[in-house]
Amino acid sequence: MAVTTRTTDPSGIIPMEAYHGHHIGQRSPWKKWIMNQGVPIHTGVSLYDMYTTPVSDWGETGAKAAMLNFETGEMSDAWLIEVPPGGQVKPIHHMFDKMVYVVTGRGATSVWTIGSKKKQTFEWQKGSIFGIPLNAWHEFYNGSGSEPARLICVTSAPLAMNFNPDHNFLFNNTATFPHIYNGEEGYFSSEGKPLEGRLWRSNFNADVRTFPVETMRYRGAGGTNRHFDMGSTHFNAHISEFPSGTYKKGHRHGPGAHLITLEGSGYTLEWNWGKELVEFPWKDGTCYTALNGFWHQHFNTGKKPVRYLAITHGRYHLSLRARPAEQGESAANVAHHGDEMDYEEEEPWIREKYRGECAKNGVTVDDYKMTKEYELSLPTDSWRKEDWT
Ligand SMILES: [Fe+2]
């Protein structure tokens, strides 16, 4: 009987040999791509100082860059891009999402769709966030003639490249997605509008360092929060703030989150059953991640509130800790086999270690704020039940 061997996929677009990077023991297509960029690559779980970390010329892009290749399960990566004084990053479009936070400096971005010459240009500054719509042309300008500007771009390049490693598909694709962005006026300049609870819908936020936050009772310690619903990408961004003398409850979730400290200082613990404990410090300008499925906690050891920005995939970060209101707000804790640890469920060494770290800075631990009694004294969280469906 004759045997037919197919050497290309059914569409004929991708030679099957392009898939060689998927074999176990070999680097993935995305890993190969990032290693070929000729710029520094930071691995592990954190990059302490995005203001000063070295960057180097990034090919013909017009920018300098460093890549953040954290242990995020090849779900997302981050590109630290420096736009030189008076310079710009050459236009590019690609078949993956990109969420941008301005680390330092000021400038502008122009966006336009494939086949259109109608550019929308909006200005940004330190603290701004925005998303680049899928496959839209975009370019970054530095608004200063004397100071460099640094942007951290969280992207879904790992997912896209491992799904389809053909660079022609990824970087020369002519597909348009008008349901995401069709050149609508004000797309990047509208202030946006509040949705239910702590959700805010907009495609641009001028400064997440100062944007108002609201009570988030079940996360403990009087923490406050705001979620940004940006239709321009599938990424979810939120800011979280918690007071001096407190720390976040332990929790766990899937891979891919990139956290950026906006203000304050402290440290994070990450652990999993039978795995080595991970501990690292952070401050304003640190970018870090949570290991896949690891429990983790963020500890404020300074005299000011801590605020951070988290950029995560879709809504997993929310839904893993969702709890029906009728089950009560502890329905997600360890006792209920959930993904969030009540303070009362912690091992004692966690609080004792924290007390010692705070003492070094003359900070008093606010034990009362980290009790169920205090948590229940706060206003109820205002998510609608429908938000979880
Ligand atoms: Fe987390």
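Which residues touch the most other members in the largest nonpolar core? Some notes on that and a few other spots follow.

1. **Ground rules.** This is a predicted model, where local features need pLDDT of at least 70, side-chain atom pairs count only at pLDDT 80 or more, and totals for chains, interfaces and linings use all residues. Residues are numbered from 1 along each chain as its sequence is written.

2. **The core.** To take the opening question: Leu80, Ile81, Val100, Ile152, Cys287 and Leu309 touch the most other members of the 78-residue core. A nonpolar core here is a set of buried Ala, Val, Leu, Ile, Met, Phe, Trp, Tyr and Cys residues joined through C-beta atoms within 7 Å. Both domain 1 (28-167) and domain 2 (193-323 + 334-381) contribute residues, so this core lies between them; the bounds come from an automatic or database domain assignment.

3. **Leu80.** Leaving out residues up to four places away in sequence, Leu80 touches Met50, Thr53, Val55, Ala65, Ala66, Leu68, Arg150 and Ile152. Contact means C-beta atoms, placed from the backbone, within 7 Å.

4. **Overall numbers.** The protein has six helices and 26 strands, taken as DSSP runs numbered from the N terminus (helices H or I, at least four residues; strands E, at least two). Of its 389 residues, 39% are buried. The burial scale counts other C-beta atoms, placed from the backbone, within 10 Å of a residue's own: buried at 20 or more, exposed at 12 or fewer, partly exposed in between. Among contacts between residues at least 6 apart in sequence, 72% join residues at least 24 apart.

5. **Thr261.** This residue sits in strand S20 (residues 258-263). Thr261 counts as buried because 23 other C-beta atoms lie within 10 Å. Beyond four places in sequence, Thr261 touches Trp282, Lys283, Asp284, Gly285, Thr286 and Tyr308. For Thr286, 25 residues away along the chain, the C-alpha separation from Thr261 is 5.5 Å.

6. Strand S8 (residues 106-112) pairs with S9 over six bridges, and Gly107 has Trp124 in S9 as its bridge partner.

7. **Helix H5.** At 1.5 Å a residue, the 13 residues of H5 (residues 348-360) should span 18 Å, and the end C-alpha atoms are 19 Å apart, which agrees. The expected span is 1.5 Å times one less than the number of residues. Just after H5, Gly362 has a positive phi of about 70°.

Conventions: Pairing = 2+ DSSP bridges. Contact = placed C-beta atoms within 7 Å.
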